[in-house]
Amino acid sequence: MKTDQYKHPDYYNLDDLYSDEHKLIRDVARQWVKKEVSPIIDEHYEKATFPMHLLKGLGEIGAFGPYIPVEYGGSGLDQISYGIIMQELERCDSGLRSTASVQSSLVMYPIWKYGSEEQKMRFLPKLATGEMMGCFGLTEADYGSNPSGMLSNFKDDGDNVILNGSKMWISNAPFANIAVVWAKDESGRIHGLILERGMEGFSTPEMHGKLSLRASSTGELIFENVRVPKSNILPNRSGLGAPLSCLDSARYGIAWGALGAAMDCYDQALRYSKERIQFGVPIASFQLVQKKLAEMLTEITKAQLLTYRLGQLRNDGKATTAQISMAKRNNVEIAVNVAREARQIHGGMGITSEYSMMRHMANLESVLTYEGTHDIHLLITGMDITGIPAFTRESLL
Ligand code: TGC
Ligand code: FAD
């Protein structure tokens, strides 16, 4: 069996800025990933299955809602700790990080921020341990980048509401016990509802045929006259801003995570280039290989500094949506490029599952698209700096 030799690159001594607690959290996550995930991830990727037996361990290392207060079962950690855990998971596989970031930022976060006290006590502690898993339904077949157009809707029915519609591309849906679903009331205002598996008319068929993020389970959510108790509606925020604020949290975690994938690819490429002999010398002695390595490390280092600063801003409650967009977009892009260069350094071996670059490359195509596509994030930056939204072509509507 191959051994996971990962050692993170730290060219600008970022470790000096981490607290002892941050480093401990990183060590715990890294050791767990090396022992429990690295040996089995390729098999799950090839079979397109999510390793369900890892859920308990993910809970134990604090990957579910690390920043949720202790009174609700979370670890009460800061935002940099959250980022570090996402980085350690995604440096192994984006699908593993997806499962944890959906649970943390898209299920626990909205319940914590917008739920009633009863909802928080009922759901958060079990979500934190992984005893209960959740998913987040915003995207619909015809409304991906433009969720405001969603068709899912509910009507008042006494103590309940009746929900109809569907969602697609939903991570964790096939096995989730609950789903935080966004749908419109009779006036067209968006609300979050907590759906529970077993509610009549609620189904979660798995989507097949993904060539990316294969070790993550993705499905649809279908609502056919589902009777949802009003006590399952998130009471403390409505409107599109509610789900979008959850995306801020998830995109922040992805910025850290995608950088982890890049760091893993660089680490392997550096090691391989020093071991692989061609023309009688290690390939690391060729200028063209050094150029690749030097450029990879430069991009990683810039992204590490950007991401750490974003973590500080997020800890202070000052990170803006546009700052998070810039980091998500930049880090995924550099990760795609680093994975590709690392793959080339490995020559033919780079396309095998002996190394993780090809899996990272395929995974990162999903990461480029979900949580706001690469171009949507560019437009968020454009809107922020010009004050002019360029999402719609009003004249064509
Ligand atoms: P817009 O008019 O700009 O905003 C509507 C209302 O929302 C407010 N708002 C926010 N509030 C909190 N946090 C944010 N980040 C916010 N962004 C906007 C805004 O102030 C406004 O409030 P109000 O009171 O005036 O109504 O909305 P828009 O319809 O023009 O859309 C803007 C756009 C395109 C940027 C947005 O729709 C968007 O981000 N689209 C991308 C959709 C997306 O990212 N979907 C992700 C689905 S989840 C997912 O992919 C999970 S993958 C997980 C995994 O496996 O890891
Ligand atoms: P579209 O919105 O149709 O975009 C297609 C192309 O058009 C893109 O290149 C886009 O950038 C471009 N485009 C669209 N609008 C504009 C514009 N205004 N200006 C310029 N270009 C534009 N969603 C959830 O709700 N929950 C989940 O858990 C979840 N998990 C996912 C897991 C995976 C593996 C994937 C692939 C997706 C997941 N999604 C999830 C959905 C994801 O958020 C959407 O795929 C994403 O928001 C893009 O929507 P779309 O696929 O409909 O593409």
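1. Ligand 2 has 17 residues around it, and the closest are T139, S145, W169, T373 and F391. A residue counts as surrounding a ligand when one of its heavy atoms lies within 4 Å of it. Bear in mind that this is a predicted model: local features need pLDDT of at least 70 and side-chain atom pairs pLDDT 80 or more, while totals for chains, interfaces and linings use all residues. Residues are numbered from 1 along each chain as its sequence is written, ligands are numbered from 1 in the order in which they are written, and side-chain values use heavy atoms, with hydrogens and water left out.

2. A nitrogen atom of the ligand lies 2.9 Å from a backbone N or O atom of F136, and a nitrogen atom is 2.7 Å from a polar side-chain atom of T139. On the oxygen side, the side chain of T373 brings an N or O atom to 2.7 Å from an oxygen atom of ligand 2. Taken alone, ligand 2 exposes 970 Å², and the protein buries 68% of that (Shrake-Rupley method, 1.4 Å probe).

3. Who builds the shell around ligand 2? β3 (160-171), α10 (357-369) and α11 (374-386) each supply at least two residues, with β3 giving the largest share, three residues. Helices here are DSSP runs of H or I with at least four residues, and strands are runs of E with at least two. By class, the shell has eight nonpolar, seven polar and two charged residues; Asp, Glu, Lys and Arg count as charged, and Gly is among the polar ones.

4. On to ligand 1, which 26 residues surround; S98, S171, R251, T321 and G372 are the closest. Its shell divides into ten nonpolar, eleven polar and five charged residues. α5 (94-114) and α7 (241-275) each supply at least two of the shell residues, and α7 gives the most, with six.

5. Which atoms does the nitrogen side of ligand 1 meet? A nitrogen atom is 2.8 Å from an N or O atom in the side chain of T321, and a nitrogen atom is 3.0 Å from one in the side chain of D248.

6. One more residue to check: Q268, which sits in helix α7. Q268 is buried, at 11% relative accessible area (buried means under 20%, with a 1.4 Å probe and protein chains only). Its side chain makes a polar contact with the side chain of D264, at 3.0 Å; within protein, one atom must be able to donate a hydrogen and the other to accept it, and residues adjacent in sequence count only if both atoms are side-chain atoms.

Definitions and conventions
A polar contact is a pair of N or O atoms within 3.5 Å; within protein, one must be able to donate a hydrogen and the other to accept it, and residues adjacent in sequence count only if both atoms are side-chain atoms. Buried means under 20% relative accessible area, exposed over 50%, partly exposed in between (1.4 Å probe, protein chains only).
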